[in-house]
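Please follow this explanation with the sequence and the coordinates at hand, moving from individual backbone positions to the packing of helices.

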2 protein chains.
Amino acid sequence: MNKSLPPKTISGFSKMSKLGKIRWIVENFFKDPERVMQELKQYWLHREEDQKILDAISENTITTFPMPYSVAPNFIINGRTYCVPMVTEESSVVAAASSAAKFWMTRGGFHTELIDVEKVGHVHFVWRGEEAKLRQHFDELKALLLEQTAELTANMRKRGGGIRDIDLRTVVEVPIAHYYQLVVTFDTCDSMGANFINTVLEAFARILRQYFLTAPHFSDAERDVEILMAILSNYTPQSRVHAEVRCAIEELGEIEGYSAEEFARRFKMAIDIARHDIYRAVTHNKGIFNGVDAVVIATGNDFRAVEACGHSYAVQDGLYRGLSQCSLDDGTFRFWLELPMAVGTVGGLTRLHPIARRSLELLGFPSAKELMQIIAAVGLAQNFAAVRSLITTGIQKGHMKMHLNNILLELGATEEQSRAAVEYFKDKTVSYRAVADFIRQFKNSC
Amino acid sequence: MNKSLPPKTISGFSKMSKLGKIRWIVENFFKDPERVMQELKQYWLHREEDQKILDAISENTITTFPMPYSVAPNFIINGRTYCVPMVTEESSVVAAASSAAKFWMTRGGFHTELIDVEKVGHVHFVWRGEEAKLRQHFDELKALLLEQTAELTANMRKRGGGIRDIDLRTVVEVPIAHYYQLVVTFDTCDSMGANFINTVLEAFARILRQYFLTAPHFSDAERDVEILMAILSNYTPQSRVHAEVRCAIEELGEIEGYSAEEFARRFKMAIDIARHDIYRAVTHNKGIFNGVDAVVIATGNDFRAVEACGHSYAVQDGLYRGLSQCSLDDGTFRFWLELPMAVGTVGGLTRLHPIARRSLELLGFPSAKELMQIIAAVGLAQNFAAVRSLITTGIQKGHMKMHLNNILLELGATEEQSRAAVEYFKDKTVSYRAVADFIRQFKNSC
């Protein structure tokens with residue numbers, strides 16, 4: 001190790017063996033190196049080939065981080081039954097999704113519709129030439145871009161996708177003189193498309209540079225272009241699904257002591273508040289993503305992409321709004337959601353991760369379009385369950401049961417102690433201190 | 001099973017044993033039930049007590065979903081060295097964070113500052129009385145709310161936190177007549193605070209109802225209040241950190257063939273575009289959260305909460321904007337980020353999840369305030385690395401190496417084949433088809 005480096009820093013770490021990395025970490029950052037070393041190794045996967053895949057997915061991988069893998073059965077979506085895989089570390093999320101799925105199972109299930117799957121990417125560049133000239137010859141440039149990437153896009157075109165269109169855009173808001181975007185729209189079929197799109201865009205950047213150098217209609221001063229970057233956008237409002245539940249208001253039945261009418265009225269109020277107040281909207285949408293992300297992760301997709309797209313789409317007319325809407329017209333309860341996203345069922349980790357692969361099988365090997373609809377339905381179900389709890393019993397009822405459970409686990413309570421605690425705290429407020437006190441007293445009294 | 005249920009639906013699923021659940025799933029949704037059953041069991045954790053914890057975290061848990069657990073060493077934050085745990089399924093994220101950490105290690109490291117940790121929650125209610133009267137007696141109501149929850153908040157107050165203030169708010173944007181919010185601000189110390197806040201708010205809802213019933217200054221018509229919900233907000237702009245890197249522009253050195261000045265100018269352009277164009281802003285921020293979420297997950301925190309808060313905070317003056325900013329004044333490169341979030345280092349899963357606990361130890365058992373600063377620094381590092389790649393080599397260079405790796409894994413290539421493929425594709429475009437062809441030819445030629 002280089003002696004002049006600050007303490008606990010290291011050079012060449014990424015090139016060390018996995019065991020070497022672990023050894024360096026435990027020796028520098030842990031009190032009980034040997035024990036931690038053993039513990040980290042304990043979370044390696046049973047099958048070596050699986051662990052190799054996990055190790056190769058990321059870099060500097062030293063062990064695995066296990067998340068609970070759960071299922072929510074009874075999702076009827078467009079008449080078909082799904083048992084949905086969910087990966088989440090938050091308690092009550094899967095229970096809530098399952099409960100909403102079951103509620104709607106007998107009320108027609110979820111109705112979803114694909115709006116489109118258009119992805120988009122940009123080549124950002126600065127060019128000091130005459131804009132009219134560029135626009136005049138744009139069709140020629142477009143043809144060149146398509147032609148020179150024909151080989152790159154051949155497979156995607158065979159699958160029915162590829163480049164949809166190429167456009168030139170100036171963005172007046174951006175305070176950079178002579179700044180342009182090549183706007184490229186794509187259909188990437190069943191893949192999320194990030195690699196495909198970025199590869200095409202980087203090729204476009206090279207072709208664009210060459211075009212300015214060689215096309216006959218430019219002056220010498222117009223031959224220079226500064227390509228800034230070429231990159232897909234995770235903002236894909238045109239890759240979007242609609243998910244909805246609906247029934248006659250009276251079919252909602254009595255819910256936690258509220259009549260169907262009262263429930264529907266309160267429910268719509270809650271949705272309207274989230275549409276108009278950012279403080280409520282953020283939490284409301286967070287609840288939707290509790291369901292969305294759980295399926296996105298379980299199927300090996302990229303939840304940061306889905307979150308970024310969904311939250312930015314929530315900005316409408318300059319306000320951040322709740323993503324779901326509710327109407328009670330003509331005696332009908334309607335509750336719906338439009339959600340943009342980019343997910344895949346081939347490529348990336350979807351078939352590579354050993355469990356993600358099984359998630360896709362559990363869902364009947366859906367196409368990307370079908371998976372988008374499943375995800376949106378689960379988001380809507382999650383939102384329905386959360387708002388239903390909020391406006392009736394309050395969410396703490398379910399949550400505190402889980403919270404008590406977690407505290408008991410952390411205290412290492414026996415089954416007998418746990419049973420007694422659950423009984424005791426039925427009508428009391430759960431806090432760590434109160435549970436610890438209870439367990440202590442319980443031990444003393446035994 | 002109830003015969004009248006739609007096919008592949010089930011009643012009483014949550015009450016079945018774990019093995020019973022798995023059996024039902026594999027028999028109903030998989031072609032090779034026995035094999036899948038064995039496979040799902042293979043991902044149970046080695047130690048039964050660990051698996052019990054995982055099972056209890058969520059519901060209907062049937063196995064675990066392993067994510068790669070990685071580390072990014074060499075993070076100097078406010079002069080202290082951290083080796084940061086990261087959990088992500090996306091390739092290149094950890095490599096990029098590590099590379100940015102190392103780059104800044106010799107340029108003063110990351111400078112972070114806590115702005116505040118104020119959390120907030122609301123009791124939403126509709127009350128048809130005279131607003132002036134409610135406001136006139138509000139101090140009395142406030143005292144009552146504090147007094148009657150004194151026991152609930154005692155521990156948090158002992159730790160230096162608790163309720164900061166209570167306010168009454170009307171929200172003109174919300175189209176509901178007579179709608180009010182009790183706005184309650186909190187300091188929840190080292191816990192994320194969701195359970196504490198929601199418990200206090202639900203108690204407030206009960207006290208509020210009682211207050212309207214009994215306070216002497218209300219008329220009979222003013223005694224009714226409709227409490228709609230009581231819930232924390234994930235929008236916490238006042239729980240926020242600032243993270244920054246800075247150095248003299250010439251200290252940046254030559255980067256991938258660009259001089260320090262050129263690099264700095266291009267970097268600032270990229271940041272400015274993300275500040276003003278939503279298509280770029282969303283992807284830009286997604287990159288920040290690639291780093292942020294990886295640490296949030298590794299420490300057992302709730303990434304949906306952090307995502308929702310950060311993305312909604314990105315909405316400024318009615319536009320969704322990039323979260324980071326850059327300036328080049330007085331020969332100094334400055335790059336910074338302000339990020340709101342709610343995370344904890346006690347409570348929730350932070351100490352319960354076997355690996356999350358070790359993540360906190362790796363970070364030196366940080367306070368929540370310290371963890372917020374580490375997370376923001378990693379987000380900034382991630383953003384720096386992504387933009388650096390974008391404006392120099394393009395991101396596909398690193399990405400395609402990983403993509404090739406993934407394809408080789410999926411094809412089950414041998415080490416010899418993989419080495420040859422890496423060599424062959426050094427200067428060629430990687431696609432599944434091209435790699436498969438190469439491996440086939442390689443086999444034939446051997």
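Predicted model: local features only at pLDDT ≥ 70, side-chain atom pairs only at ≥ 80, totals over all residues.

The phi of Lys8(A) is near 65°, a positive value in a residue other than glycine. Most residues other than glycine have a negative phi. With a relative accessibility of 38%, Lys8(A) counts as partly exposed, since residues are called exposed over 50% and buried under 20%.

Asp330(B) is found in the loop that runs between β11 (324-327) and β12 (332-340) of chain B, and, at 77% relative accessibility, Asp330(B) counts as exposed.

From single residues we turn to helix packing. Two packed helices are described by the angle between their axes and the distance between the axes. In chain B, helix α4 (residues 93-105) packs with helix α13 (residues 368-391) at an angle of about 100°, and their axes are 8 Å apart. Because angles of 65 to 115 degrees count as roughly perpendicular, α4(B) and α13(B) are described as roughly perpendicular to each other. On the side of α4(B), the contact is made by Val93(B), Ala96(B), Ala97(B), Ser99(B), Ala100(B), Phe103(B) and Trp104(B), while α13(B) contributes Ala381(B), Gln382(B), Phe384(B), Ala385(B) and Arg388(B). Sorted by class, this contact of α4(B) with α13(B) has nine nonpolar residues, two polar residues and one charged residue.

Note on methods. Residues numbered from 1 in each chain as written. Chains lettered and ligands numbered in written order. Heavy atoms only, no water. Buried < 20%, exposed > 50% of the residue type's maximum accessible area, 1.4 Å probe, protein only. Helix = DSSP H or I, 4+ residues; strand = E, 2+ residues; numbered from the N terminus. Axes fitted to C-alpha atoms, helices over the stretch in contact; angles between N-to-C directions. Parallel < 35°, antiparallel > 145°, perpendicular 65-115°, else oblique. Contact = heavy atoms within 4.5 Å. Nonpolar A, V, L, I, M, F, W, Y, C, P; charged D, E, K, R; others polar.
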